[in-house]
Each structure stands twice: as structure tokens, then as C-alpha cells.
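I am opening a notebook page for a structure that is new to me. I will write down what I look up, one topic after another.

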Amino acid sequence: MSTRPLPILPGATLGILGGGQLGRMFTIAARTMGYRVMVLDPDGASPAGQMADVHLQADYADHAALKQLGTACAAVTTEFENVPAASLIELASHCRVSPGAAAVAIVQDRSHEKSWLADNGFATAPFALVYSEGDLDAALADTGTPALLKVSRFGYDGKGQARVGTLEEARAAFREFGGQPCVLEGFVELEREVSVVLARDDAGECALFPVAENRHDNGILDVSIVPARVPDSLAAQARDTARAVADRLGYVGVMAVEFFVAGGRLMVNEIAPRPHNSGHYTLDACVTDQFEQQVRALCGLPLGDTRLLSPVVMVNLLGDRWRNDGPRWDTLLAHPAIKLHLYGKQAARPGRKMGHFNVLDADPAAALQLAERLRDAL
Ligand code: AMP
């Protein structure tokens, strides 16, 4: 680890593994604050690469590229959980790295993540680990039916998941996934889904953003509503639980905890070791946004104020909307309290996250109404 003293101040170079939209918004925040940014991503047209001072176009496990990144940067972070933990360890011999490899290794694998949550006393949906077809019968007995079979690694946005009602269906899904390790989860009748984005610094101080209420469509986040329409006691519990997860992981950086609400109770669904789609509302509605917070945590600066300045609704813009002539930006931008964020992706594919917009209104119900109207009109 570098002996460079904290805090790391503007003028220094920061690195990020991954050049997607989260890396792009980190890059914009860092450059706004006067840092230089180096992005490592194999894709020559990556959204973050377009914004960075330097784009290293190489694989995440490329030793020469990791050395170049680690020696040029005062600190390196990541924008996605599937970064090889070994790459984080390699980088940590050159510079400050946050989050650390140990935390990322737990949360990037659903089996490890679920087991870690249960071992540490956090409530989850009923689950069982599946390593072979022979495990499925007992697993279904544990979870009940219907259940969701989810691949342990590299699943996201509902990909690598299948709903199963019988042993035969579970077997077929397991084979479909190539027999790789999976988690079987009992299907929960969801009242709501909520999430908490937070940052934790080296001294263990936490700054938590307000709780977001999230609506998904086909397993992909569609809309976030802030403040979440849940009782204050439940929101406080979500924040306390998210903080406890971060503490228990010894986490440094920005992370998100997604929850199910069922029967008035919270269950942890997933942990993301990075800023989160459900935190995009902070870009326009909070004193500090989640990407500035990522810069602050990475650089050992005091964490920013997470105060909500206005109720807000965030709407994701998926590639499906780019059919025909593409979205009606004139309709959207006609509204003075709409904030549009596009990620600079060249090809629009169904389900691909192309951008989002935030709707701000002092009246939360009016914000939701306008957000839904515009989403449908686009
Ligand atoms: P995931 O990628 O595991 O976060 O799943 C994506 C979405 O699918 C979640 O946000 C939920 O809307 C839904 N989902 C996932 N797991 C379950 C479950 N066990 N019960 C009910 N819905 C689920």
C-alpha cells in the first residue's frame, strides 16, 4: 500500500476499474473536484472512458495494465462487483484501494453473500445453496415453492434467474445455467423494495443517504421514489441494518444494501460494493451525491452531507425506448424541474441502461405522477 498521506487532494490521479455508467458518473464527479481520472476497461467506447483523462483499454486481470494504473494513481476504486478480487489485491501493492478485496469477494458471489448475511444474523429470504442437481430436492424443501434459482456469479438485473415451481423445473433451470453453483431462494410476496446507499470511512464513520423505495420491472430497476413511502420506524431500521452490514464488513467506500419488505419486516436482498442505480436520485436531490461521496471516501476526505433537498423520483431509461425514432427528449426537457442524465452508450439494446432522469417536486405525489406520465410519453 502506498504511504501517500490522507487525504488525497485535488490534482492527484484517481483510478477506476470499469467504464460503465457508474464509472462515468464517478469520473465526472472526480474531475469536477479537480482530480485526474484513469479508467481501466476493455471496451474502447466505454461511457467512463469518454470522460476520463486516460482510458487504459485492457482486461481487468492484465498485470501490465494493473501496474500502470496502480503506479499512476493515488487511489483506485471500482464500479462493479465482478472485478477479480485478485486484481484489487495486486493494485493494493501500489496504491490505496477501496473497497478492499475481502469485502468485494464476499458480495460478488451470491452464495458467499447469502451465507455471510445469515452467519452475521441479518434476515434474508429463505435460501439454500445448490452445487449439484442432487442438492435441489432438499433445497426446495428448505425454501418452499415457488422459488427462484439464481446463479451465484455474474448474474445481474434479473439475468441468471429462473422461477421454479417443481423439482423438474428446478433441474431444468440448473441445467440451463450450465450446472454452475446457484442459490435457491424462496419467492417472497413483496410489499415493497427499499434500498440504502451509504459511505463508510477509514475511521468507521458512516454517512447514510435517505431510504429509496424501488419498483422493478422484469428484475430491472424502473423507478426510485424518495423519501420511501414506509413508516419512519422501518426506514430507520433499514438505515441501521445497512450501517451494521457495512460495519461488519469493515467496509470503506460507497455501498448499497437492497431490502425486501414483506409482512412489515425487512430482509436483506443484496449488497452492492459501489454506488447504486437506486442512488442516482442523489445526483440532483442531495447536498452531496453518491459519486462525490465515492471520491470523498476514496480520498480519505470527510464524508459529505447527505441531506435530501427535495422529494425526488428517478426513472431509468432502458434501451427498449430507443425503438423507432428514439425517446422524445423535447417532451421531457419541456419540464423545468426534470434533470436528464444520459450515459453516452452507442448501441441501445432492450434492457440496457442508457440513462435516467430525476423529477424534483416539493410534493412527492406530484413528482411521482409527472415521472410516470413522462416515462409513458417518451
Ligand atoms: P436480484 O437480482 O436478486 O436483486 O433480483 C432482482 C429483482 O427480482 C428484485 O429486486 C425483486 O424485485 C425480484 N426478486 C428477486 N428475488 C426475489 C425473491 N426471493 N422473492 C421475490 N422477488 C424477488
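**Domains**

I began with the domain assignment of the protein chain, which gives domain 1 (13-97), domain 2 (126-186) and domain 3 (190-377). I keep in mind throughout that this is a predicted model. For domain 2 and domain 3 I looked up the distance between their centres, taken over C-alpha atoms, and noted 28 Å. The contact between them takes four residues from domain 2 and six residues from domain 3.

**The ligand**

Next I asked myself which residues are the closest to the ligand. I found that 16 residues surround the ligand, and that Lys 150, Glu 185, Val 188, Glu 193 and Asn 269 are listed as the closest. Sorting this shell by class, I counted five nonpolar, six polar and five charged residues.

An N or O atom in the side chain of Glu 193 is 2.5 Å from a ligand oxygen, while for the side chain of Glu 270 the corresponding distance is 3.2 Å. For His 216, I noted a polar side-chain atom 3.4 Å from an oxygen atom of the ligand. Of the 470 Å² of accessible area that the ligand has on its own, the protein covers 91%. The elements that give two or more residues to the shell are strand S7 (147-151), strand S9 (182-186) and strand S15 (265-272).

**Helix H10**

I turned to helix H10 (residues 290-299) and found that this helix is mostly covered, with nine of its ten residues buried. At the start of H10, a side-chain oxygen of Asp 289 reaches to within 2.7 Å of the backbone nitrogen of Phe 291. Just after H10, I noted that Gly 300 takes a positive phi of about 70 degrees.

**Arg 171**

I looked up Arg 171, which lies in helix H7 (residues 167-176). Glu 133 is 38 residues away from Arg 171 along the chain, yet their C-alpha atoms are separated by 6.3 Å.

**Backbone notes**

Most peptide bonds are trans, and most residues other than glycine have a negative phi, so I listed some exceptions. The bond from Thr 145 to Pro 146 is cis, with omega near -5 degrees, and Pro 146 is found in the loop between helix H6 (136-143) and S7. The bond from Val 226 to Pro 227 is also cis, with omega near 5 degrees, and Pro 227 is found in the loop between strand S13 (220-226) and helix H8 (232-249).

My last entry is Asn 218, which has a positive phi of about 55 degrees although it is not a glycine. Asn 218 lies in the loop between strand S12 (212-217) and S13, and at 73% relative accessibility I count it as exposed.

Notes:
Residues are numbered from 1 along each chain as its sequence is written. This is a predicted model: local features need pLDDT of at least 70, side-chain atom pairs count only at pLDDT 80 or more; totals for chains, interfaces and linings use all residues. Side-chain values use heavy atoms; hydrogens and water are left out. A residue is near a molecule or strand if one of its heavy atoms lies within 4 Å of it. A polar contact is a pair of N or O atoms within 3.5 Å; within protein, one must be able to donate a hydrogen and the other to accept it, and residues adjacent in sequence count only if both atoms are side-chain atoms. Accessible areas come from the Shrake-Rupley method with a 1.4 Å probe; for residues, only the protein chains shown count as cover. Helices (H or I, at least four residues) and strands (E, at least two) are DSSP runs, numbered from the N terminus. Ala, Val, Leu, Ile, Met, Phe, Trp, Tyr, Cys and Pro count as nonpolar, Asp, Glu, Lys and Arg as charged, and the others, Gly among them, as polar. Buried means under 20% relative accessible area, exposed over 50%, partly exposed in between (1.4 Å probe, protein chains only). Domain bounds come from an automatic or database domain assignment. Contact means heavy atoms within 4.5 Å.
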